[in-house]
Amino acid sequence: MSLHMNAAENQIAPTVLLPGDPRRAQHIAQTFFTDPVQHNDVRGMLGFTGSYKGKPVSVQGTGMGMASAGIYIYELINDYGCQTLVRVGTCGSYREDVQVRDLILAQAACTDSNINNIRFGAKNFAPIADFGLLLRAYQVAQARGLRAHVGNIMSSDTFYHDDFDQYKIWAEFGVLGVEMEAAQLYTLAAKFGVRALTVLTVSDHLITHEETTAEERQTSFNGMIEVALDAALETA
């Protein structure tokens, strides 16, 4: 057990998918895992362990934002020995050519969070994905005929910005979209020497204002899950 999870020792697999939504964690386990067993329910942040194509795998909800996600990522690595962590989530698009329901494979993650400023002071750390995971995820997405974009994303501490147009400076510098956890995942993975990747489905668009429903975000973005599972387990 850890401070925020009641999984037993060795109950969580070395490879873990990390959705923010605990109900997406449940959907992933019920849809993709063979013989899933719930390993966590503390604070309603559901986690499950089973197998996929004969290989052990877990899924653990992390909540929204870097502060919440960082707790689960830290404990998965340090208390349960997890070695491959793949965030599977949704994001908003900053660019006209990145459409709703497209995939984004986050090569790197900018952030407006102060978390890394506390760590590094006046220096800037560049949080990046594991290249082997990133490459394999792109290959899997291409083989499945999915529209996948590889590039930089923005991990924001704020969902409702006072200045809606603040996203334009990031778009100007080629950032593909915005979410709330990847920069923390990549930073902790670097610190502890494990592999990490973020695979996102575009759920809404800051330019066109197109958006998907909460139900779609929770249960229908299965292409993203298959890409994440195949890439993580094939390269483990």
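## Helix 8

Helix 8 covers residues 222–234, 13 residues in total. From its first C-alpha to its last it reaches 18 Å, close to the 18 Å expected at 1.5 Å a residue. The expected span is 1.5 Å times one less than the number of residues. Helices (H or I, at least four residues) and strands (E, at least two) are DSSP runs, numbered from the N terminus.

This is a predicted model, in which local features need pLDDT of at least 70 and side-chain atom pairs count only at pLDDT 80 or more, while totals for chains, interfaces and linings use all residues. Residues are numbered from 1 along each chain as its sequence is written, and side-chain values use heavy atoms, with hydrogens and water left out.

Which residues of helix 8 are buried? They are Met224, Ile225, Val227, Ala228, Leu229, Asp230, Ala231, Ala232 and Leu233. Buried means under 20% relative accessible area, exposed means over 50%, and partly exposed lies in between (1.4 Å probe, protein chains only).

## The nonpolar cores

The largest nonpolar core has 66 residues. Leu17, Leu197 and Leu229 touch the most other members. Helix 8 supplies the largest share of this core, 8 residues. Apart from it lies another core, of 7 residues, including Cys110, Met154, Tyr167 and Leu206. A nonpolar core is a set of buried Ala, Val, Leu, Ile, Met, Phe, Trp, Tyr and Cys residues joined through side-chain atoms within 4.5 Å. In soluble globular proteins, nonpolar side chains tend to be buried together.

What does Leu197 touch? Its contacts include Leu85, Val86, Arg87, Ala106 and Ala129. Leu133, Leu134, Ala137, Leu185 and Tyr186 are also among them. Residues up to four places away in sequence are not counted. Contact means heavy atoms within 4.5 Å.

## Strand 5 and its partners

Strand 5 spans residues 84–93 and is mostly covered. Of its 10 residues, 10 are buried. Strand 5 pairs with strand 1 in the parallel sense over 4 bridges. There, Val16 has Leu85 of strand 5 as its bridge partner. Two strands pair if DSSP finds at least two bridges between them.

Ser93 stands opposite His205 in strand 9. Strand 8 (residues 177–179) pairs with strand 5 in the antiparallel sense, over 2 bridges. Gly92 stands opposite Val178 in strand 8.

Strand 1 and strand 4 run parallel, joined by 2 bridges. Leu17 has Val59 of strand 4 as its bridge partner. Leu17 is also one of the residues that touch the most other members of the largest core.

Strand 3 (residues 47–52) runs antiparallel to strand 4, with 6 bridges between them. Ser51 stands opposite Pro56 in strand 4. The two strands form a hairpin with 2 residues between them. In the turn, Lys53 has a positive phi of about 50 degrees.

Thr62 sits in the loop between strand 4 (55–60) and helix 2 (66–78). Is Thr62 buried or exposed? Its relative accessible area is 2%, so Thr62 is buried. Thr62 touches Leu18, Pro19, Gly20, Met45, Ser68, Ala69 and Tyr72, leaving out residues up to four places away in sequence.

His4 lies in the segment before strand 1 (15–18). His4 is buried, because its relative accessible area is 16%. The side chains of His4 and Glu75 are joined by a polar contact of 2.6 Å. A polar contact is a pair of N or O atoms within 3.5 Å; within protein, one must be able to donate a hydrogen and the other to accept it, and residues adjacent in sequence count only if both atoms are side-chain atoms.

The structure holds 4 aromatic pairs. Phe120 and Phe125 have ring centres 5.1 Å apart and planes at 5 degrees, so this pair is stacked. Phe120 is partly exposed at 31% relative accessibility, and Phe125 is partly exposed at 32%. Phe159 and Tyr160 form an edge-to-face pair, 4.8 Å centre to centre with 75 degrees between the planes. Both Phe159 and Tyr160 are exposed. Rings of Phe, Tyr and Trp (its six-membered ring) pair if their centres lie within 6.5 Å; planes under 30 degrees apart count as stacked, over 60 as edge-to-face and the rest as tilted.

Asn117 lies in helix 3 (residues 115–120). Asn117 is partly exposed, with a relative accessible area of 36%. A polar contact of 2.9 Å joins its side chain to that of Asn114.
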